[in-house]
Amino acid sequence: MNLLQILQRKFHDALSGLVDDPAPYAGLVKPAQDPKFGDYQANCAMSLAKVLGKQPRVVAQEIVQRLDLGDLLEPPEIAGPGFINLRLRTDWLAARVQEMARGDRLGVEPVKPPRTYVIDYSSPNVAKPMHVGHLRSTIIGDSLARLLRFLGHHVISDNHLGDWGTQFGMLLYGYKHFRDEEALNTDPVREMARIYIKVRDLIKPVEAGEDGEDSGTRLKRYTDAEVAEASRVRDECRQETARLHAGDAVNGRLWEMFMPWCRQEIDTIYERLDVHFDHTLGESFYNPMLPGVLRSLQAKGLAVESKGALIVPLRENDPTPPMVRKKDGAFTYTTSDLATIQYRVETWRPDAMLYVVDARQALHFKNLFEVARRWGLDKVALEHVSFGSVLGPDRKPIKTREGGAIELGSLLDEAVKRAAETYHQTREERRTQGKDVPELSAAELKAVSEVVGLGAVKYADLSQNRTSDYVFDWDKMLAMDGNTATYMQYAYARVRSIFQEGGEDARPFRTQPPAATLNEPHERALALQLLRLGEALEVAATEYKPSAITGYLWDLAKSYSGFYQNCPVLKAETPELRQSRLLLCDLTARVIQRNLQLLGIRTVERM
RNA sequence: GUCCCCGUAGCUCAAUUGGAUAGAGCGCUAGCCUCCGGAGCUAGAGGUUACAGGUUCGACUCCUGUCGGGGAUACCA
């Protein structure tokens with residue numbers, strides 16, 4: 001149980017004689033807005049006053065009188081219109097810190113009834129290289145999977161690859177017309193990427209790309225001949241796709257041949273990002289199940305014919321009902337997604353299924369979930385964990401000068417390169433100032449650049465509010481000061497170096513932690529912040545917001561900074577105080593490391 | 001046309017879901033290396049929360065309207 005839950009329970013007990021349902025009022029116990037008000041504050045007296053027909057401050061008095069302070073609370077103060085300000089007893093905090101240090105869960109108990117989650121994230125179209133647009137789903141999903149697992153839930157991660165769509169028609173067409181046998185033999189992955197881009201560029205005059213340009217302006221940029229050719233190529237691609245779906249032997253064999261290459265392309269990225277999946281069941285996996293899904297929908301009277309297509313009407317006069325079969329007989333992604341939900345429910349019996357997919361698909365998921373519910377899949381909680389788009393400086397979807405989206409691989413390369421540059425630069429500055437700098441081996445240096453560069457990219461994204469769009473900016477994404485991964489990684493390395501410097505072994509602090517003394521305000525503030533870990537993770541998990549973790553980390557770093565400035569550790573006045581402060585240091589490092597790990601970001605001991 | 005999201009410091013973003021004097025980073029200004037790592041720390045300037053009403057003890061947050069931006073709108077997934 002985290003600090004907030006403990007206090008809310010106390011208030012729940014105190015309120016139970018006053019109102020019929022104390023829960024919503026107990027929920028008004030919150031972290032203090034400002035440290036000067038205390039550690040936590042209860043805002044329930046004001047709203048309760050109206051219900052009870054009394055003065056808010058009188059109600060606050062009554063609540064305080066009924067409150068069992070136990071050994072954890074100082075006598076509360078009533079302030080302003082009726083705020084109840086709470087301050088935890090310092091000796092109680094000290095005991096909790098000591099407890100927290102023991103074991104590797106940092107005081108976070110596994111959840112009482114664990115739930116089973118299926119998390120669907122990343123899910124790229126494998127026919128084309130991954131670009132920045134895929135980053136958010138991939139790392140938000142990965143982070144949520146790590147977080148829910150750490151909290152004790154059963155998590156099944158599933159990468160629902162787009163391996164059966166029109167993009168494969170483009171690859172098939174391109175392979176048949178433009179392949180370079182020699183390139184295919186030496187580097188098939190690169191050759192497939194080249195083929196895809198070539199076909200995409202050919203079709204461009206008639207196909208809306210990632211640039212979001214409207215068809216009118218787009219058409220004006222091309223000659224009639226180019227448009228006609230684009231139209232022809234697009235039709236041929238569609239026919240290739242149709243042949244693949246119809247079981248054409250040649251296209252089937254080619255698909256079998258392409259898949260490992262496509263997988264290799266994306267797996268390289270996943271490996272580098274340290275993102276892993278329990279399952280990778282793409283659309284092709286569900287293809288054989290689709291006719292059965294349709295029959296079932298029709299048998300239940302859910303799917304009806306309309307303009308030659310098969311739709312599922314959900315609302316009166318809905319101009320855009322979900323479609324499960326096109327007039328040409330092809331299935332849609334709604335059909336495929338229904339099969340997917342059914343398969344997952346039957347196979348894994350999850351309590352909840354999370355779709356980490358961008359906000360533009362909100363309508364699709366709203367409809368999909370409604371159809372699934374009516375179809376009988378109503379026991380599982382289906383949730384669209386949506387996120388905002390990544391925009392360019394012009395507030396339009398991100399793109400490079402050339403017009404295509406920035407490829408993920410290049411972004412990561414650039415991040416690592418910049419990390420290396422910054423490293424050398426800061427080290428030279430320190431040198432000229434006559435300061436000691438750690439001498440890293442070439443291997444260590446490479447590892448540091450990788451860890452810092454990739455960490456920067458992930459943290460920049462995860463620290464954003466999940467639901468808002470955000471403007472992509474190289475400098476921001478690769479920034480290494482302020483609230484960034486680098487700052488946290490650096491803070492971690494610095495704490496470690498204290499142990500190094502003092503010739504201290506951290507291990508005893510985790511098995512036989514010494515008593516903590518929190519007489520200095522900065523010690524107390526740091527301890528309180530450390531103990532709020534469980535609270536932060538709870539928020540991050542219930543709201544599916546990794547930014548709650550980065551926010552907590554930033555607060556922790558500031559608390560630590562205050563402590564570090566004001567409280568000598570190795571030169572503490574007494575051996576006991578030194579032990580206590582080393583305990584706080586070690587805990588800080590461990591909490592930073594754990595949180596970064598939950599974000600999929602690594603740490604190094606020296607940098 | 002209809003529906004959804006958004007508008008907060010010069011820029012990029014927060015604000016514990018209705019709480020006390022709206023906070024950070026970057027940038028700018030001024031300080032801090034005989035003191036455990038300066039990728040750091042301390043302080044300062046910077047705001048009519050797009051606009052106008054309303055709801056109440058209290059509104060960036062909820063409601064109505066206006067302006068502005070973005071997105072989704074059966075046969076791409």
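In this predicted model, four strands form an open sheet in the order β6-β5-β10-β11, and their pairing is parallel. Strands β6 (154-158) and β11 (381-387) lie at the edges, each pairing on one side only. From one strand to the next, the twist averages 20 degrees. Strand β10 (residues 352-358) runs parallel to β11 and is joined to β11 by seven bridges; here Met 353 stands opposite Leu 382 of β11.

Two helices pack on this sheet. Helix α15 touches β5 (116-120), β6 and β10, and its direction makes about 150 degrees with that of β5. Helix α16 touches β10 and β11, and its direction makes about 175 degrees with that of β11.

The two helices also pack against each other. On the α15 side, Thr 334, Asp 337, Leu 338 and Ile 341 meet Leu 368, Val 371, Ala 372 and Trp 375 of α16. By class, this contact comprises six nonpolar residues, one polar and one charged.

The model also contains an RNA strand, B. Around RNA strand B there are 79 residues, of which Lys 326, Asn 465, Asp 481, Gly 482 and Ser 497 come nearest. The surface near the RNA consists of 31 nonpolar, 31 polar and 17 charged residues. Helix α20 (residues 485-501) gives the most to this surface, with eight residues.

Terms used:
Residues are numbered from 1 along each chain as its sequence is written. Chains are lettered from A and ligands numbered from 1 in the order in which they are written. This is a predicted model: local features need pLDDT of at least 70, side-chain atom pairs count only at pLDDT 80 or more; totals for chains, interfaces and linings use all residues. A residue is near a molecule or strand if its C-beta atom, placed from the backbone, lies within 6 Å of it. Ala, Val, Leu, Ile, Met, Phe, Trp, Tyr, Cys and Pro count as nonpolar, Asp, Glu, Lys and Arg as charged, and the others, Gly among them, as polar. Two residues are in contact if their C-beta atoms, placed from the backbone, lie within 7 Å. Two strands pair if DSSP finds at least two bridges between them. Axes are lines fitted to C-alpha atoms, for helices over the stretch in contact, and angles run from 0 to 180 degrees between N-to-C directions.
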